Amino acid sequence: MAATIKALEERLKICENDKQAAMETARKLGQTLAEKDLKRSALETDLKIEREWRNQLQKDLGMEKELVNQLQKDVEELASLRQQFNKVSDKHTLLQQTCEEQELALTEMGSKLSESQLKMDDMKETVTALDKRVWTSDKDSLSCMLCEKQFSVARRKHHCRSCGGIYCNSCSDNYMPLPSSAKPVRVCDKCHTNLLQRYSASSA
């Protein structure tokens, strides 16, 4: 009986030791499990933060892509506008050159018109003077109207086709075209000088 009790006590002691060991093991496992839970919670928190960052980065990336696309469109539009500007600038330069050429042509035409007007005025004045000229009668003229020498058989009378006066041959030995006659006709020295001055002024 004593041996049996002793054996039982030994077994009880062994069970107590096993129980203590099991409890220690359970405590360590619980502690390890708690640490694992903390790490899991930390990892879950980190994972959540990472997901939020990833979503935000994806949104930012989408916005950046849209911005890049808009910038590309702006660049293409700017290139098109630059081409249009160059075309308009070329047209403006061409139009400016055309305007300058036309202004020069108008200036030349104005100058020619002014010269023509002066010639017309001069011709009108000449024609008016011719219309107002008095054709001197041979009977009323006894001497040259310029040198005043008496007419005779040797010194004959000649009419000036410009002023209508009667002159000797020496004072009317000039031939010039008149507005009333393209063919050169006899003119006196005085009309010859006046006509030369007038033609010189017209051609200047």
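Student: What percentage of the residues of the protein chain count as buried?
Tutor: Of the 204 residues, 13% count as buried. Keep in mind that this is a predicted model.

Student: Okay, how many helices and strands are there in the protein chain?
Tutor: Two helices and four strands. Along the sequence the pattern reads α-β-β-β-β-α.

Student: What is the mean pLDDT of the protein chain?
Tutor: The mean is 85, and 89% of the residues reach 70 or more.

Student: And where is confidence lowest, and where highest?
Tutor: Lowest in helix α2, residues 189–203, with a mean of 82. Highest in strand β2, residues 166–167, at 94.

Student: New topic. Which way do β3 and β4 run, parallel or antiparallel?
Tutor: Antiparallel. Strand β3 covers residues 174–178, strand β4 covers residues 181–187, and four bridges join them.

Student: How many residues sit between them?
Tutor: Two, and β3 and β4 form a hairpin.

Student: Which residues in β4 stand opposite Asn174 and Leu178?
Tutor: Asn174 stands opposite Val187. Leu178 stands opposite Ser181.

Student: Which residues of β3 are on its covered face, and which on the uncovered one?
Tutor: Asn174, Met176 and Leu178 make up the covered face. Tyr175 and Pro177 make up the uncovered one. As a general point, side chains in a regular strand alternate between the two faces of the sheet.

Student: What about the largest nonpolar core: which residues touch the most other members?
Tutor: Cys144, Cys160, Tyr167 and Val187, out of 14 residues in that core. β2, β3, β4 and α2 each supply at least two residues of this core.

Student: Which residues does Cys144 touch?
Tutor: Leave out residues up to four places away in sequence, and Cys144 touches Lys149, Phe151, Ile166, Tyr167, Cys168 and Cys171. Tyr167 is also among the core residues that touch the most other members.

Student: Switching to His159. Where is it found?
Tutor: His159 is in strand β1, residues 158–159.

Student: Why does His159 count as buried?
Tutor: Because its relative accessible area is 14%, and buried means under 20%.

Student: Which side chain does the side chain of His159 make a polar contact with?
Tutor: That of Trp135, at 3.4 Å. There is also the backbone oxygen of Thr136, which lies 2.6 Å from a polar atom of the His159 side chain.

Student: Which residues is His159 in contact with, leaving aside its neighbours within four places in sequence?
Tutor: Trp135 and Thr136 are on the list, along with Asp138, Gly164, Gly165, Ile166 and Arg186.

Student: Last one, Glu148. Where does it lie?
Tutor: In the loop between α1, residues 2–132, and β1.

Student: Is Glu148 buried or exposed, and why?
Tutor: Glu148 is exposed, because its relative accessible area is 61% and exposed means over 50%.

Student: What is phi of Glu148 near?
Tutor: Near 65°, a positive value in a residue other than glycine. In general, most residues other than glycine have a negative phi.

Notes: Residues numbered from 1 in each chain as written. Predicted model: local features only at pLDDT ≥ 70, side-chain atom pairs only at ≥ 80, totals over all residues. Heavy atoms only, no water. Buried < 20%, exposed > 50% of the residue type's maximum accessible area, 1.4 Å probe, protein only. Polar contact = N/O pair within 3.5 Å; in protein donor to acceptor, adjacent residues only side chain to side chain. Contact = heavy atoms within 4.5 Å. Pairing = 2+ DSSP bridges. pLDDT = per-residue confidence, 0-100. Core = buried A, V, L, I, M, F, W, Y, C linked by side-chain atoms within 4.5 Å.
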